[in-house]
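User: I am new to reading protein models, and I would like to go through this one slowly, one question at a time.

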Amino acid sequence: MNDSNTSIAQLKEAVHQLCLRKGWGVEGVQNPQHVAMAMTVEMSELLEHFQWLNPEDVDALMAGQDPERVALIAEEFADVMMYGLQLARTLNIDVTGQVLRKIDIVDHRPPKEYNPKR
């Protein structure tokens with residue numbers, strides 16, 4: 001399974017099956033409030049990998065020159081995504097529909113002035 005041959009529905013189901021195997025929640029469904037809170041913890045762990053990087057370090061990440069750090073980032077990103085998929089499944093959120101809806105909203109916003117000194 002990879003991005004080119006796996007649907008979001010399949011990922012939601014794979015995460016649900018993990019929850020069932022681990023006995024998390026009632027019938028594999030965890031409290032969405034707790035899941036949302038857990039996402040913030042995982043997001044903080046993801047951000048730790050970027051906390052003290054300078055622009056050159058970020059450029060190195062983007063150029064594929066720091067695969068060890070990228071692997072650590074990928075693991076934390078997966079945690080965030082797994083919680084997001086749990087939340088989407090539990091609350092019947094159509095991820096594709098909502099992402100496309102949000103893209104449309106952002107596309108129609110007036111441009112904001114960028115001021116890096118703020």
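**His16 and its surroundings**

User: Which residues does His16 touch, not counting residues up to four places away in sequence?

Analyst: This is a predicted model, so the contacts described here are computed from predicted coordinates. His16 itself lies in helix α1. Leaving out residues up to four places away in sequence, the residues that His16 touches are Glu27, Gly28, Val29 and Arg89.

User: Is His16 buried or exposed?

Analyst: A residue counts as buried when its relative accessible area is under 20%. The relative accessibility of His16 is 8%, and therefore His16 counts as buried.

User: What is the relative accessible area of Glu27, one of the residues that His16 touches, and where is Glu27 placed?

Analyst: Glu27 is placed in the loop between α1 (8–22) and α2 (32–48). Its backbone has a positive phi of about 55 degrees, although Glu27 is not a glycine. Since exposed means over 50%, Glu27 counts as exposed, with a relative accessible area of 67%.

User: Where does Asn92 lie, and what is its phi?

Analyst: Asn92 lies in the loop between α4 (67–90) and α5 (95–107). Asn92 is exposed, with a relative accessible area of 71%. Although Asn92 is not a glycine, its phi is positive, at about 55 degrees.

**Helices α1 and α4**

User: How are α1 and α4 oriented: roughly parallel or roughly perpendicular?

Analyst: Two packed helices are described by the angle between their axes and the distance between the axes. The axes of α1 and α4 come within 9 Å and cross at roughly 100 degrees. Angles of 65 to 115 degrees count as roughly perpendicular, and so α1 is, relative to α4, roughly perpendicular.

User: Which residues in α4 meet α1, and how many residues of each class does the contact have?

Analyst: On the side of α1, the residues in the contact are Ile8, Leu11, Lys12, Glu13, Val15, His16, Leu18 and Cys19, and on the side of α4 they are Met82, Leu85, Gln86, Ala88 and Arg89. Sorted by class, the contact of α1 with α4 has eight nonpolar, two polar and three charged residues.

User: What is the volume of the largest cavity, and which elements give two or more residues to its lining?

Analyst: Rolling a probe the size of a water molecule over the atoms shows where empty space is left. The count comes to one cavity of 30 Å³ or more, and the largest cavity has a volume of about 50 Å³. The elements that give two or more residues to the lining of this cavity are α1 and α4.

User: Which residues line the largest cavity, and how many of them are charged?

Analyst: The lining is made up of Lys12, Val15, His16, Cys19, Gly28, Val29, Leu85, Gln86, Arg89 and Thr90. By class, this lining has four nonpolar and four polar residues, and the charged residues number two.

User: Which element gives the most to the lining of the largest pocket?

Analyst: The largest pocket has a volume of about 350 Å³. Of the 14 residues that line this pocket, the closest to its centre are Asp3, Thr6, Leu11, Met81 and Leu85. Both α1 and α4 supply at least two residues of the lining, and the element that gives the most, with five residues, is α4.

Conventions:
Residues numbered from 1 in each chain as written. Predicted model: local features only at pLDDT ≥ 70, side-chain atom pairs only at ≥ 80, totals over all residues. Heavy atoms only, no water. Helix = DSSP H or I, 4+ residues; strand = E, 2+ residues; numbered from the N terminus. Buried < 20%, exposed > 50% of the residue type's maximum accessible area, 1.4 Å probe, protein only. 1 Å grid on protein atoms, 1.4 Å probe; cavity = no way out; pocket = protein on both sides within 12 Å on 5 of 7 lines; lining within 4 Å. Points joined across faces, edges and corners; volume = space filled by probe spheres on them. Nonpolar A, V, L, I, M, F, W, Y, C, P; charged D, E, K, R; others polar. Axes fitted to C-alpha atoms, helices over the stretch in contact; angles between N-to-C directions. Parallel < 35°, antiparallel > 145°, perpendicular 65-115°, else oblique. Contact = heavy atoms within 4.5 Å.
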